[in-house]
Each structure stands twice: as structure tokens, then as C-alpha cells.
Amino acid sequence: MAQRTSILRFICSLLLLATFGNALKFELEARRANDVRERCIRNFVGRDTLIVVTAIVSGNKGDGQQVNMHIRDLLGNDYGKPKDVAGEKRIVFTSLADAAFDICFENIQTGKGGHHLSRDVELDVDIGADAKDWAAIQATEKLKPVETELRRIEELVGEIVKEMEYLRNREQKLRDTNESTNNRVKTFGLGTTGLLIALWAWQIIYLRAYFRSKHLI
């Protein structure tokens, strides 16, 4: 009974972590075109995962600042590059690989205004089950609120299991790589030892032959 309670607590903790909000706010300073710096937020997702990125950028177009977004992963896949973002911008895409993806922002000062220009950015990233419109699913499939919530939790648990399986496979690959490296190091060490012994024996034989030819022994 105690073990079952521990497992339930563990699953509830994972669900709380999975449903934790990814929203954040930050200030994006405007810079000249020759000194533009990107500010990026990184997250890791599995292949074929639904992702909804919602960015709310303060200010208006034509106020001397131009905020550009760029969403890409570490494998070179490009998911969107909207320009001159002001107000709310939503981008929906499905990941193409098991990789980390970056949501990058840059603020270019286009006018001749004073220094210290900036825009406020509010970013919200929904991944997997959280990215789905459950209200629309409930209305379309005529589900009860409890059924909708249970289905959402089921998908969250499925995502957690999938991620744990991915981590297990990755740990297995790292273990295999470690064992392979140890075997190679061991083989290299034995080969080096054998080479040194052979060199030592050759030196003794050579010196004995040399001293005999000089009638020293």
C-alpha cells in the first residue's frame, strides 16, 4: 500500500511539473543594425510534438523599433521567422526531430530617437498536450468536463512515459559508448605495453651483439 502511494505521489509530481507554466516576461533593448544581439530561450522536445509559441510584444509598428523573431532547432530546421512583431504573435508548428529548439528575439532601432529604447516581451510556450485546444476538442467530441480533463492527463502521462523512455535509451547509448571507450583504452594500453617490452628486448639483444663484436664480453 505504501509503495502504491509513493508511485501515485511521483506521478502527481510529474504532472505538476508538466503543467507548470512556461510564460516569462523580459525587456528587449533596442540596438543599431550593426550591433544587434539576439536573446534566445531554449527548450527540448521530442519528434512530432505539437508546439504553440505565443509572444506579446509591447509598442507599435513605426515607433522606431523593429522586433524580429526566429524559431529554429539545433539541427538547422527553421520553424518561423516573423519580422516587425508588435502586439500578439502566435506560431504553431510540429517538431521534426528530437532536439532543442530556440526562440530568438532581436530589437533593431530603426529611428533616430534617443538611447535606452526597449520593448517588453511576454512569451508563452505550450508543448504537447498543453498546446491542444481542449475546449474545441470537448465541443467537437461532446465530452464531459471530467472526461476532457482525464484525457488531457492521459496524454500528459503518455508524454512523460515517452520522455522517460527516451532518457533510458539515451542512457543506454552513453553506457555503450563508455564501455567501448574503456575497451579501446585497455587495448591501447596493452598494445603500448607489448611494444615497450619488445623494444626493451630488442635493445638487450642489440647491445649484447654490439659488445660481443667489440670483444667486450
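**Note on the disulfide and overall fold**

1. A search of the whole structure, which is a predicted model, finds one disulfide.

2. As for where the bond sits, Cys40 belongs to strand E2, which covers residues 39-45, while Cys104 belongs to strand E7, which covers residues 99-109, so the pair ties together parts that are 64 residues apart in sequence.

3. On the geometry of the bond, the torsion about the S-S bond of Cys40 and Cys104 is about 110 degrees, and the disulfide is therefore right-handed.

4. Are the two cysteines buried or exposed? Cys40 has a relative accessibility of 38% and so counts as partly exposed, whereas Cys104, at 1% relative accessibility, counts as buried; the cut-off for buried is under 20% relative accessible area.

5. Among contacts between residues at least 6 apart in sequence, 75% join residues that are at least 24 apart.

6. With regard to burial and surface, buried residues make up 24% of the 217 residues in the protein chain. The accessible surface of the protein chain comes to about 15,400 Å², and 57% of that surface belongs to carbon and sulfur atoms.

Definitions and conventions. Residues numbered from 1 in each chain as written. Predicted model: local features only at pLDDT ≥ 70, side-chain atom pairs only at ≥ 80, totals over all residues. Heavy atoms only, no water. Disulfide = S-S within 2.5 Å. Helix = DSSP H or I, 4+ residues; strand = E, 2+ residues; numbered from the N terminus. Buried < 20%, exposed > 50% of the residue type's maximum accessible area, 1.4 Å probe, protein only. Contact = heavy atoms within 4.5 Å. Areas by Shrake-Rupley, 256 points an atom, 1.4 Å probe, with all protein chains shown as cover.
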